Amino acid sequence: MTNRIAELRKARKISQAELADGVDVTRQTIISLESGRYNASLLLAHKIAKYFGLTIEEVFLFEEEIP
Amino acid sequence: MKDCLKKAAPYVMFAAAWVLILATFLLGERIKEQLSLVLFTLGGVLLGFGAVGIALSRIRMSPEQQKEYERSEHDERNVAIREKAAMSSWYWTLYMLWAVFMVIQIFVGGLWGVAVSVVIVLHCTFYMINIHRWNKKM
């Protein structure tokens with residue numbers, strides 16, 4: 001799963017700390033999400049999408065594995 | 001009420017620890033050696049938890065630091081990391097404790113067997129309490 005958090009954040013000129021404050025997580029979690037080292041829970045994904053005023057699908061990109 | 005209990009818990013543990021340790025010394029020869037060991041071990045564990053709890057409650061933090069601390073406590077990634085680390089360490093230490101238990105049962109027995117059994121029970125209790133605590137936080 002990939003996400004557009006870094007892209008959306010930079011487009012809106014929001015710092016990682018501000019986003020972390022807005023969704024009530026630590027900055028380390030935002031860093032891990034942006035680098036793809038951590039996948040957000042459904043609740044956090046919802047909070048982040050709501051923060052940007054978008055849907056979860058617009059922020060988080062679910063890639064189906066090709067068998 | 002809940003906050004009050006939370007604040008009082010380390011002091012209660014600290015006091016209970018001293019009661020158990022004193023009881024061990026006062027009862028001395030009148031109780032079995034195994035029971036004395038169990039009382040002393042429990043006292044030691046409670047003393048440790050109580051002292052750490054009291055020390056942590058004395059640390060003063062600014063409102064920002066307090067907010068940051070609470071956030072890091074509830075942060076889902078931190079909770080997941082802590083849970084994974086706890087599961088892993090619990091798993092391996094339990095294996096090691098069982099190995100020690102078996103070796104002692106076969107070659108030594110007696111009081112050491114009882115001591116290791118108490119540690120295994122405390123180890124499992126610690127795990128169950130923490131899993132319950134973390135599940136509530138998530």
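Across the interface of chain A and chain B, 7 residue pairs are in polar contact, both residues being at pLDDT 80 or more; such a contact is a pair of N or O atoms within 3.5 Å, where within protein one must be able to donate a hydrogen and the other to accept it, and residues adjacent in sequence count only if both atoms are side-chain atoms. On the side of chain A that touches chain B, H2 and helix H3 (27–35) each supply at least two residues, and H3(A) gives the most, with 3 residues; helices are DSSP runs of H or I of at least four residues, numbered from the N terminus.

This is a predicted model, in which local features need pLDDT of at least 70 and side-chain atom pairs count only at pLDDT 80 or more, while totals for chains, interfaces and linings use all residues. Side-chain values use heavy atoms, without hydrogens and water, residues are numbered from 1 along each chain as its sequence is written, and chains are lettered from A and ligands numbered from 1 in the order in which they are written.

The count of salt bridges between chain A and chain B is 2, a salt bridge being a side-chain nitrogen of Lys or Arg within 4 Å of a carboxyl oxygen of Asp or Glu.

Two side-chain pairs are listed here.

| Pair | Type | Distance |
|---|---|---|
| Asp21(A) and Arg71(B) | salt bridge | 2.5 Å, closest N and O atoms |
| Gln16(A) and Glu34(A) | polar contact | 3.0 Å |

Gln16(A) lies in helix H2 (residues 16–23) of chain A and has a relative accessible area of 17%, so this residue is buried (under 20% relative accessible area, 1.4 Å probe, protein chains only).

How values were computed:
Buried < 20%, exposed > 50% of the residue type's maximum accessible area, 1.4 Å probe, protein only.
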